[in-house]
Amino acid sequence: MSKALIVIDIQNDYFENGAMELVGALQASENAKQLLTKFRNENLPIVHVQHIGMSPDATFFLPDTKGAEIHKNVKPEDGEKLIVKYYPNSFKETDLLDHLKSLGVTELVFTGMMTHMCIDATVRAARDFGFKCTVIGDACATRDLEVKGAHVKAADVQTAFLAALTFFYANIQNTKEYLAV
C-alpha cells in the first residue's frame, strides 16, 4: 500500500495578522512540518495544495498576494507536487486524483486548514474515491463559527468535524500518535 501526505492550504492568510486568521494555525503548521519531515525522510509522496480565491467576493488568498503564499513552515521542496485549487474540495477541477493514481497511492494522510471546510470536503471526496484516509487532527486548524446567532468556538468546531469524519471517512490521530508508528 502506497501512502502520500496531503498538505492543504497552510497559507499565510490563516496566520496572525492574516486576512482569515485561524485558531491554532501556528501549532498546526509546526505539527504538519514534523509530518513533512517524516515523509521526506521516507521518500514518500507529498502533495501541497494551495487555494487561490478567484470569486469576485473573495477576501483572502487573493492572487499574487503574500497571504496566498504557502507558509514558511511547510514550503514545498523541489520535486514535491503543488496543486492549485479554487474550491474547498482539492479534487475538484485539479489533477490530484490522476496524480495519486499515477503513483499507485491508496492511503492518504491529511494535514491543513480549515478543518471545517477544505479538510472536510477533501477527505470525504478522497474516501468516496476509495482512498484509506487518516487526518492528523492537531496538524489542522479551524476558526470560531456562527450559525443563526449561536457562536461556536473553534475547539468545538474542530472536535465536531473530526468526530464526524471518524464515523466513516477517516482515522483520526494526532502528530505524536502518527509519528510513533
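What follows is a short tour, grouped by topic.

This is a predicted model, so a bit of housekeeping comes with it: local features need pLDDT of at least 70, side-chain atom pairs count only at pLDDT 80 or more, and totals for chains, interfaces and linings use all residues. Residues are numbered from 1 along each chain as its sequence is written, and side-chain values use heavy atoms, with hydrogens and water left out. Helices (H or I, at least four residues) and strands (E, at least two) are DSSP runs, numbered from the N terminus.

**Two helices side by side**

- Helix α3 (residues 115–128) and helix α4 (residues 154–168) have axes that come within 11 Å and cross at roughly 5 degrees.
- The axes are lines fitted to C-alpha atoms, for helices over the stretch in contact, and the angles run from 0 to 180 degrees between N-to-C directions.
- On the α3 side, the contact (heavy atoms within 4.5 Å) is made by Thr115, His116, Asp120, Val123, Arg124 and Arg127. On the α4 side are Val157, Gln158, Phe161, Leu162, Ala164, Leu165 and Phe168.
- Sorted by type, the residues of this contact come out as seven nonpolar, three polar and three charged. Here Ala, Val, Leu, Ile, Met, Phe, Trp, Tyr, Cys and Pro count as nonpolar, Asp, Glu, Lys and Arg as charged, and the others, Gly among them, as polar.

- Met113 and Met114 are joined by a cis peptide bond, with omega about -15 degrees.
- Met114 sits in the loop between β4 (105–113) and α3. Met114 counts as buried because its relative accessibility is 6% (buried is under 20% relative accessible area, exposed over 50%, partly exposed in between, with a 1.4 Å probe and protein chains only).
- Leaving out residues up to four places away in sequence, Met114 touches Tyr14, Leu22, Ile119, Ala141, Thr142 and Arg143.
- Asn17 has a positive phi, near 70 degrees, though it isn't a glycine. You'll find Asn17 in the loop between β1 (2–8) and α1 (25–41), and at 72% relative accessibility it counts as exposed.
- Glu93 also has a positive phi in a residue other than glycine, near 55 degrees. Look for Glu93 in the loop between β3 (81–85) and α2 (96–102); Glu93 is exposed, with a relative accessible area of 62%.

- Val135 belongs to strand β5 (residues 132–141) and is buried, at 0% relative accessibility.
- Gln173 is part of strand β8 (residues 171–173), and at 18% relative accessibility it counts as buried.
- Aside from neighbours within four places in sequence, Gln173 is in contact with Thr134, Val135, Ile136, Gly137, Asp138 and Tyr178.

**The largest pocket**

- The lining of the largest pocket has 21 residues, and His51, Gly53, Phe60, Pro88 and Met117 are the ones nearest its centre.
- α3 gives the most to that lining, with three residues.
- The lining divides into 13 nonpolar, five polar and three charged residues.
- A pocket, on a 1 Å grid over the protein atoms alone, is an open set of points with protein on both sides within 12 Å along at least five of seven lines, using a 1.4 Å probe; lining residues have an atom within 4 Å of a point.
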